[in-house]
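Hello,

Here is the structure I promised to pass on to you. Have a look at it first, and my notes follow below.

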Amino acid sequence: MIAFRSTRGGGNADLRTVLQSGTAPDGGLYMPQRLPRFRREALAESAGPAELAERLLNPFFEGSLLAEALPEICRDAFACPLPLTELSPGPNGARLRLLELFHGPTAAFKDYGARFLAACLERVLAEEPASSPPLTILVATSGDTGAAVASAFSGRDKTRVVVLFPKGRISPRQEHHLGCWDDNVLSIAVSGAFDDCQRLVKRAFSSARLRGKVRLGSANSINLGRLLPQSAYHAWGAMNAPQGTNFVVPTGNLGNAFACLLAREMGAGIGRILMSTNANRAIGDYLDRGFYEGRESIGTLANAMDVGDPSNMERLQHYFGGDVARIREALAAVSISDERIQARIRQEHDRSGIVLCPHTAAGVDACHGRLSLPGAPAGDWIVAATAHPAKFESVVEPLIGTTVAPPPQLAELLSRSSSHAEIRPDLAALTPYLLRS
Ligand SMILES: *Cc1c(COP(=O)(O)O)cnc(C)c1O
């Protein structure tokens, strides 16, 4: 049985606590006390991504109240296809492939973690007495996270979701995707910026009065219940490269990249991991200089990665005992400008006909850049394709001179009716919506 512990110390926590809380009581992030190690061949016997996820995550679930349900939870979270597609070759003819993580209900990788967490929490709550109150998941979103969480919890028993988004600052399509779910999902436009939404969430969580009346839960990306399943799709990608592979992971908050590192450390056969950020370069600067400094975030075309001070940095440092030299051995980071993102979207479309979302384009460009330097790591490369390009049509379409059709699941969401409430950015305005059951 594997226990969990905060990056800042403290006692052991069990899986149920870890899944229900975003952060540990001391403000740190939960980490497994040890990682299981697998032989690659043992993982490669899996018939599909769900079965691989089950093998990989079983040690974390053993002995918990969810142990028996794990296969079903994995089938729920890994129900959609997870294809690898061939990109145009890199410099020196290196083989480059995309791991398409965008075939879930909201067409971004966040669907996997959100669905996995929702499937876990639904079962945890089902074990409680019938009289226990429902859990209200409160999230602030600048786009992708809110839709994935709303979709994942929509229609599930004993949970409600309240999504806060900055009014008029997300795309019309994104806004639509937040308000088209079952009755247990409420979407609210806050007159303010994303930071105001986040502040409101923090205020709600720290209000003892409110928390006496409503049971609040979080589903943000630092929840280990979202990170663990993300390690499974990286491992799945690696299973499709029998000789081993390097990975490129477009990164903002360091969640997906950390999940890739976990897969590597558990024995999936992953070589080097290259993180590609947009113009927000706190991670790259840390690896270059050896000391970490969080920043204000900068707005870019790859806006789901606009993070100046990545929360999961604490996990990365903790895992390597703060030894930056050891981090450099496993991971590298490179910052890609908006101009490079645009050029790469055009170039890949010209060469292979493949349309990249801006985040994925940062990854592909980072890979090309790394391969043209001396001493590039040998072997194949897989780039995590984090979202479908149709989610960022206003960036992508002018560059390639043609429209990008939304995939069927997005088209279906767009055909539904969508609604949301509107509030000013203060807790008194939000409270009635949280109390309504
Ligand atoms: C969230 C997101 C990212 C960044 O992922 P992190 O886990 O924060 O590193 C990249 N691309 C897309 C499309 C996203 O939605």
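A polar contact here is a pair of N or O atoms within 3.5 Å. Please keep in mind that this is a predicted model.

Let me start with the ligand. A backbone N or O atom of Gly-255 lies 3.3 Å from one of the ligand's oxygen atoms, and a polar backbone atom of Asn-256 is 2.9 Å from an oxygen atom of the ligand. Thr-386 uses its side chain instead: an N or O atom there is 2.9 Å from a nitrogen atom of the ligand. The protein covers 97% of the 390 Å² of accessible area that the ligand has on its own.

Which residues come nearest to the ligand? Of the 14 residues around it, they are Lys-110, Asp-144, Gly-252, Asn-253 and Thr-386. By type, the shell divides into five nonpolar, seven polar and two charged residues.

The other part I looked at is helix H3, residues 49-61. Its 13 residues, at 1.5 Å each, should span 18 Å, and the C-alpha atoms at its ends are 17 Å apart, so the two values agree. Even so, H3 has a bend of about 35 degrees at Arg-55, with a proline, Pro-59, following within four residues.

The buried residues of H3 include Leu-52, Ala-53, Leu-56, Leu-57 and Phe-60. An α-helix has 3.6 residues a turn, so residues three or four places apart point the same way. After H3 comes Gly-63, with a positive phi near 80 degrees.

Enjoy exploring!

Best wishes

How values were computed. Residues are numbered from 1 along each chain as its sequence is written. This is a predicted model: local features need pLDDT of at least 70, side-chain atom pairs count only at pLDDT 80 or more; totals for chains, interfaces and linings use all residues. Side-chain values use heavy atoms; hydrogens and water are left out. A residue is near a molecule or strand if one of its heavy atoms lies within 4 Å of it. A polar contact is a pair of N or O atoms within 3.5 Å; within protein, one must be able to donate a hydrogen and the other to accept it, and residues adjacent in sequence count only if both atoms are side-chain atoms. Accessible areas come from the Shrake-Rupley method with a 1.4 Å probe; for residues, only the protein chains shown count as cover. Ala, Val, Leu, Ile, Met, Phe, Trp, Tyr, Cys and Pro count as nonpolar, Asp, Glu, Lys and Arg as charged, and the others, Gly among them, as polar. Helices (H or I, at least four residues) and strands (E, at least two) are DSSP runs, numbered from the N terminus. The expected span of a helix is 1.5 Å times one less than its number of residues. The bend at a residue is the angle between axes fitted to the seven residues ending there and the seven starting there. Buried means under 20% relative accessible area, exposed over 50%, partly exposed in between (1.4 Å probe, protein chains only).
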